[in-house]
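Please look through the sequence and the model below before reading on.

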Amino acid sequence: MKTAILIDGGFFLKRYHCIRGFERQDSPELVAKNLVSYCFKHIYRVNQYRKRYDLPPTELYRIYYYDSKPFDGDSRGPISKRAISFKNTDQYKFRNKLFEALKQQRKIALRLGFLKNSSKEWSIRSKYTKKLLSGQIKISELKQDDLEYPLQQKAVDMKLGLDIATLAFKDLVSQIILIAGDSDFVPAAKFARREGVDFILDPMLNPIDPTLHEHIDGKMTIKNMAKQEDNASQ
């Protein structure tokens, strides 16, 4: 038996600090190592479950990591009037270092899409939009940090769906563990399950829509990476 672990990178980084033992200030190199350790904890937990029912163990087939290349474009702040190069942002530097660190880990396959702002326009962050509409603040009181340059992720969901279909159709794995938080994966999950693949969702302690349970075979999160013993819930 083989298990593939598929990770929505943006979601993983957003929920990273929610797992005990993982900290917001961790370096890209440490995040990469922790990601692999987290995945192997999943394999350990699955094998504990299978041993309990006298079933043969599984082994890790591969870890697939899906994310977008950091945006490297330029713009000009509509309030500050200053030129902004996204290549100089902390987020750009962090993502690039993380991708390089992941490439050095075993069993990792990077699936990278790209980010795009089709309109090339800035928008007001939602929390300030509400204040403007309620009259709590005025347009003239907005600062540059109150705006955002909205970027849309492209090609990532397609790559994830294709990989799920390929893994299932070619009978490469018996089990898929998906670390994600939304329902975009449901069509691919249905296909995988029809092909006989055991499909497990890890929402990293994030609440999920109850209707998702009918499209998966189980839910499992590794709650605590600070200890060596098993701390998974299923």
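Which residue in β8 does Lys116 stand opposite? In this predicted model, the residue of β8 that faces Lys116 is Gln152. The strands concerned are β5, which covers residues 108–116, and β8, and they pair in the antiparallel sense over three bridges. Helix α3 (residues 90–103) packs on the sheet, where it touches both β5 and β2 (59–68), and its direction makes about 160° with that of β2.

The sheet itself is open and consists of seven strands in the order β8-β5-β2-β1-β9-β10-β11, with mixed pairing. Its edges are formed by β8 (152–154) and β11 (218–219), and because each of these has a single partner strand, one side of each is left without a neighbour in the sheet.

Several of these elements return in the largest pocket, which holds about 820 Å³ of space: α1 (9–15), β2, α3, β7 (147–148) and β8 are the elements that give two or more residues to its lining. Of the 30 lining residues, Gln91, Arg95, Leu115, Tyr149 and Leu151 lie nearest the centre of the pocket. By residue class, the lining divides into twelve nonpolar, eight polar and ten charged residues.

Seen as a whole, the protein chain has six helices and 13 strands, and its C-alpha atoms fill a box of roughly 70 × 35 × 30 Å along the principal axes. Of its 234 residues, 42% count as buried, while among the contacts with a separation of 6 or more, 67% are accounted for by residues 24 or more positions apart.

How values were computed:
Residues numbered from 1 in each chain as written. Predicted model: local features only at pLDDT ≥ 70, side-chain atom pairs only at ≥ 80, totals over all residues. Heavy atoms only, no water. Pairing = 2+ DSSP bridges. Helix = DSSP H or I, 4+ residues; strand = E, 2+ residues; numbered from the N terminus. Contact = heavy atoms within 4.5 Å. Axes fitted to C-alpha atoms, helices over the stretch in contact; angles between N-to-C directions. 1 Å grid on protein atoms, 1.4 Å probe; cavity = no way out; pocket = protein on both sides within 12 Å on 5 of 7 lines; lining within 4 Å. Points joined across faces, edges and corners; volume = space filled by probe spheres on them. Nonpolar A, V, L, I, M, F, W, Y, C, P; charged D, E, K, R; others polar. Buried < 20%, exposed > 50% of the residue type's maximum accessible area, 1.4 Å probe, protein only.
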